[in-house]
Amino acid sequence: MGHRGCKLAWTLATMLVSVLLAGLTPAYAIGFHFSPLNISIQARPGQIANRTFNLTLAKDAPPTHFKAHVQDWWRSADNRQTFYAAPGSIRRSCGLWCSINPVEATVKPGETLTIRLSIRVPDDIKPGGYWAALTVDEVPDPLAPEPSGIAMVFRGSVSIGIFIEIPPAVRSAKLAGIQISEDKLLVKLCNDGDIPLRVNGAFEFYRLEEDKLVATVKIGGEPLLPDPINTCEFSVALPSAKELPSGKYKVRAIMDVGLDYLLGAEKQLEIIRANGS
Amino acid sequence: MYRILTVACAVILMAGASLAAVVNLPNETQSTTFTATVSEQANVSVPASVAFNVTNVSADTNSADQSVSATTVVLSDGKALRVEIQADAANFTAPFGGTVTWAAGDISWDAATWTNGTGSANALSTSYTTVATSNANAASLSASDLTFTLADKNTVDRAGDHTLAATWKFSSVTP
């Protein structure tokens with residue numbers, strides 16, 4: 001092959017690699033900023049409250065159509081999944097009290113979509129906690145080019161919590177269990193009150209023979225709902241095998257769910273690491 | 001004449017000085033308080049698509065590493081941000097002529113290495129399933145090595161475009 005042939009082959013190979021790389025390189029087409037992340041209100045029956053939600057599209061994003069709606073939501077008992085449903089699906093929904101405007105809009109790059117949320121608390125509502133979510137979904141562009149090959153095509157969505165407390169609400173929770181599963185520590189909590197609670201906590205590991213604190217792990221910022229599933233299992237990764245090798249430990253759980261007191265439990269557990277360390 | 005005037009001025013000044021007194025204003029330390037009200041907020045970015053280069057339908061196929069990030073996260077004390085994903089349909093859409101394609105549940109992902117959070121290895125479904133949860137009060141949450149895996153399926157009978165739409169969800173539904 002002559003010099004010209006080599007050059008042509010090199011050019012074609014470079015072009016092929018470029019095309020392949022372009023196909024494999026992930027595109028970051030979905031990007032936005034939003035605020036707030038939650039709306040929490042203490043209200044009286046009959047009260048009206050107004051709030052706004054803002055979503056700003058990234059400056060390098062194409063014009064994007066968004067659709068907003070109010071939904072009920074709850075978590076699975078293992079805390080791995082979140083379910084969203086039409087307002088009024090759960091007993092303590094405030095979804096039907098909420099109205100939003102606008103419901104949908106196209107947002108240009110760098111522009112902000114402002115959604116006004118109006119909440120009207122019914123006159124005859126009983127005390128307790130009520131909740132829903134304001135969801136804003138990206139609507140697929142029907143004119144966008146179809147992806148080629150075997151692929152997943154993504155769109156973005158954001159949900160913010162709407163929490164309404166009608167005093168006097170009953171805040172109550174209890175620790176229902178602690179266990180080790182593979183490389184995770186699981187703690188089960190039960191909300192036996194009538195208002196969602198925020199769970200924060202810490203787990204302290206003491207070597208059984210020495211009663212000496214060897215590791216602490218924290219869990220934080222998780223919701224614990226009273227309905228429709230009032231028991232939830234929170235998991236936290238165990239510290240590394242170097243920090244917490246196989247052996248028998250006393251685990252002390254200290255949970256803060258926003259009550260006047262902390263929830264605590266102590267249990268002896270055996271940690272068996274896969275490599276036997 | 002000048003001497004008389006000088007003496008008179010001196011007398012006036014001395015009298016003025018002796019009559020002068022410190023007058024306290026009602027509030028000598030007038031101050032202004034500047035208050036910035038900061039809302040909870042986050043800036044999020046996810047890939048627009050993930051491709052699987054399936055050269056052997058009898059073996060699992062991994063995607064390239066994917067980056068997901070939430071930056072400038074500002075939360076109320078003790079709260080966390082969660083990233084979830086949901087398939088918009090139960091199955092991929094097969095190309096023309098194809099009768100068998102992958103189910104949403106054939107997609108799974110690893111726990112990845114998350115900064116300021118914990119990843120969860122899970123499989124895709126038509127409900128929102130956790131990909132990662134930030135630490136409480138984290139200012140950011142990110143991973144650049146999130147890998148999706150498409151399970152083997154040797155009954156797939158057509159080459160071409162098999163596609164599935166899915167939705168990334170960012171939420172902090174914590175009271």
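A residue counts as buried if 20 or more other C-beta atoms lie within 10 Å of its own, as exposed if 12 or fewer do, and as partly exposed in between, with C-beta atoms placed from the backbone. This is a predicted model, in which local features need pLDDT of at least 70, side-chain atom pairs count only at pLDDT 80 or more, and totals for chains, interfaces and linings use all residues. Residues are numbered from 1 along each chain as its sequence is written, and chains are lettered from A in the order in which they are written.

Let's start with chain A, which has one helix and 17 strands; these are DSSP runs numbered from the N terminus, helices being H or I with at least four residues and strands E with at least two. Of its 277 residues, 32% are buried.

Now turn to where the chains meet. Here 48 residues of chain A are in contact with 49 residues of chain B, contact being C-beta atoms, placed from the backbone, within 7 Å. E10(A) gives the most to this side of chain A, with twelve residues. E10(A) also runs parallel to strand E12 (residues 162-171) of chain B, joined by ten bridges; DSSP must find at least two bridges for strands to pair. Within this pairing, A:Ile150 stands opposite B:His162.

Some backbone details are worth a look too. The peptide bond from A:Ser35 to A:Pro36 is cis, with omega near -5°, and A:Pro36 lies in the loop between E1 and E2 of chain A. A:Asn79 has a positive phi near 65° although it is not glycine. A:Asn79 counts as buried because it has 23 C-beta neighbours inside 10 Å.

Conventions
Contact = placed C-beta atoms within 7 Å.
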